[in-house]
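Here are my notes for a first look at this one. Have the viewer open and follow along point by point.

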Amino acid sequence: MNAKRSFSLAALAVSLSCCVGGFAAVRLPKVLSDGMVLQRGEEARIWGWADASERVTVTFRGKAFEAIADERGEWTVGIEPQAAGGPFELQVEGENRIVLQDVLVGDLWLTSGQSNMELTMERVKERFPEEVSAANNDRIRYFKVPTSYDFKQERNDVQSGSWIKAEPNSILDFSAVGYFFAKEIEREKGVPIGVVNSSVGGSRIQCWFSEAMLEAYPEELAEAKRWRDDALIERTESSNAAIYSDWDRAAQEKDQGLRGETPWYDPDVADRDWSSMTLPTFWDEGGLEPMNGVVWFRKSFEVPAGRAGKSGMLYLGTIVDADETYLNGVKVGATTYQYPPRRYEVPTGLLKGGENVIAIRAFSHSGRGSFTRDKPFDLVVDDATIDLRGDWKYKVGAVLYERPGTVFIRWKPMGLYNAMIAPLVPLDLKGVLWYQGESNAWTPDNYQELLNQLVGGWREQWGRANLPFVWAQLPNFMESKEEPSESAWARLREQQRLALELEHTGMAVTIDAGEWNDIHPLDKETVGKRLALEARRVAYGETELVSSGPLIDSAERRGRQVALSFRNVGGGLRAKGGELMEFAIAGGDGNFVWADARIAGDEIMVWSDAVPEPTRVRYAWADNPEHANLYNAEGLPASPFEIEVE
């Protein structure tokens, strides 16, 4: 049976008490609401709940479509295929009447994954200020599914949500990848684009599997079922809260910086006996013994008289793990975990002409405390930038224990699928975008299988064997290495590449779009545009389009050299910025060494005098292969790879 067409027997056969119970009001799921986008060119489904046997009429663009609610109060209406356009009004009428305004017909994309898909335009606004200020396209619509989980059943509706437009007052709430993708597709295709974003930071791919998809993984399925115990969830949440509160209480009680007559954030506190450290850096590299707890940092700086009293922005990069930041004794910001960029507003009237003092109460919960290098570290007032890098005074406020890890229930298998994907299955989609893998990089070797399972499972749920899927390959991240070495991130990228064996799939290579010091790189425009290129090929049938950089095809030994052949060569292979770099070669002993490489037509010849009988070749095989420079003439980077020599 077609999974999508059997929706009333499967996806809605849950939570019946919320759908029936004697009331006659017709109700729609939250994703069917004002401002939504219906998929053009296909029968679009409108569904919801009413009383059993209630007649429901949906009127759209002058035509009426009817359905009778079944014994569970569930009903579904199929609207005949529509041409792109709008805005239109959509009316649903039973015993009551619902009128949806500002409905568009265009292409609807589901985006999912973890934090790099979830990351909003607010987080990248300094990188793309003109994009934010100029956003004004009401043909781009966005719906964010709120984070929720359910291990007991597939829900029939999401918790909340509403459609917003790409306008100045709402653009900061858009997924950055989703926005840049939608902008590109809307420009190319000239039709409205809707993006439904269902993604959760830190989630493994298994979180997005249905129960049926998890049956191939008994241990994961057993773990998912374990969390059907409400008492277990309650105990875990209480334990998590206690771990945080106990550590925070100890920090508050033991911090010497808060115990004296003059707190250490006071600009007048005596700091002559404090030690010095050059920031930004790891604390232990700056001279502090490895520790967890609270460390205070202070710096005096000068402000020209002409900028006294003016507002500004304080940029402190990222801090591992948390901070409270004070300027001239006034708290200007605080962040409780390591990833968000510290961007704190300086209110009018706080800055003084002459000497000012910044004090940072920094927390290391576990591991190494640090101020992240190569991030903005300055104060901006008007058009002037005051560099805060350099010598800071520091003093330990409290040495504490390493805070124990907590259990993230939302990261358990199946929970996110049930609460955040299952309710969306009736939607007619143009395709799916997927950006995930960081949380699976610790165990990368089965990711191809897991991605195959995700794609196949979702296609089965939607009842579309060829539902287009396009994913982002992991970007460059972490410090670069001088010699060839093993890399879990490289292995996961390889698994993502191998998954392209699935039909109607594509992959955006982002090996040049990351940042060594940030798992959340800011260049989401490049990611969105490259996903759009692949979507144009996979979902829109532009088969002649060069939508990707070179992908390895074969490796043939020719004497002491290896000839590498590629597809997606486009206008030809190119070495960006000089000689080819990041190629490594190994013989029968499996030890990789750097290799020489040169372009020979549509092939690349690779060799090393140290490896007379090569058996394997790698390219860009590292966490952060910062010198990877193989592109095609269209400017698209080659995917990293490992290949056996024939």
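1. A cut-off to start with: buried means under 20% relative accessible area, exposed means over 50%, and partly exposed is what falls in between. M478, at 28% relative accessibility, therefore counts as partly exposed. You'll find M478 in the loop between β24 (469-472) and α9 (488-498). Keep in mind throughout that this is a predicted model.

2. While you're at M478, check its backbone: phi is near 80°, a positive value in a residue other than glycine. D374 also has a positive phi, near 60°. D374 lies in the loop between β19 and β20 (377-381), and with a relative accessible area of 60% it is exposed. Why point these out? Most residues other than glycine have a negative phi, and most peptide bonds are trans.

3. One joins L279 to P280, with omega near 0°; P280 sits in the loop between β11 (275-279) and β12. Another cis peptide bond links V320 and D321, where omega is about 15°. D321 belongs to the loop between β14 (319-320) and β15 (322-327).

4. Is H365 buried or exposed? Its relative accessibility is 7%, so H365 counts as buried, although it lies in a loop, the one between β18 (354-364) and β19 (370-371). Leaving out residues up to four places away in sequence, H365 touches W247, N292, D321, A322, T336, Y401, E402 and R403.

5. Next, strand β12 (residues 292-303), where 10 of the 12 residues are buried. β12 runs antiparallel to β18, joined by 11 bridges, with F301 having N356 of β18 as its bridge partner. β12 is also antiparallel to β22 (residues 390-400), with 7 bridges; there W296 stands opposite K395.

6. β31 and β32 (residues 603-607) pair over 5 bridges, and D596 stands opposite W607 in β32.

7. On to the cores. In soluble globular proteins, nonpolar side chains tend to be buried together. The largest nonpolar core here has 78 residues, and I46, W75, L90 and W458 touch the most other members. Beyond its neighbours within four places in sequence, W458 contacts L110, S112, W208, M213, Y417, I421, V432, W434 and F469. A separate core of 35 residues includes L119, L531, A532 and V538.

8. Finally, the rings. A search of the whole structure gives 29 aromatic pairs. One of them is the tilted pair Y149 and F151, 5.4 Å centre to centre with 45° between the planes. F151 is buried, at a relative accessible area of 2%, whereas Y149, at 22%, is partly exposed. There is also an aromatic cluster made of W283, F297, F371, F377, W392 and Y394. Two charges over rings are worth a look: K576 lies over the face of Y631, 4.6 Å from the ring centre, and the charged end of R618 sits over F592, 4.0 Å from its centre.

Note on methods
Residues are numbered from 1 along each chain as its sequence is written. This is a predicted model: local features need pLDDT of at least 70, side-chain atom pairs count only at pLDDT 80 or more; totals for chains, interfaces and linings use all residues. Side-chain values use heavy atoms; hydrogens and water are left out. Two strands pair if DSSP finds at least two bridges between them. Helices (H or I, at least four residues) and strands (E, at least two) are DSSP runs, numbered from the N terminus. Buried means under 20% relative accessible area, exposed over 50%, partly exposed in between (1.4 Å probe, protein chains only). Contact means heavy atoms within 4.5 Å. A nonpolar core is a set of buried Ala, Val, Leu, Ile, Met, Phe, Trp, Tyr and Cys residues joined through side-chain atoms within 4.5 Å. Rings of Phe, Tyr and Trp (its six-membered ring) pair if their centres lie within 6.5 Å; planes under 30 degrees apart count as stacked, over 60 as edge-to-face and the rest as tilted. A charge sits over a ring if NZ of Lys or CZ of Arg is within 6 Å of the ring centre and within 35 degrees of the ring normal.
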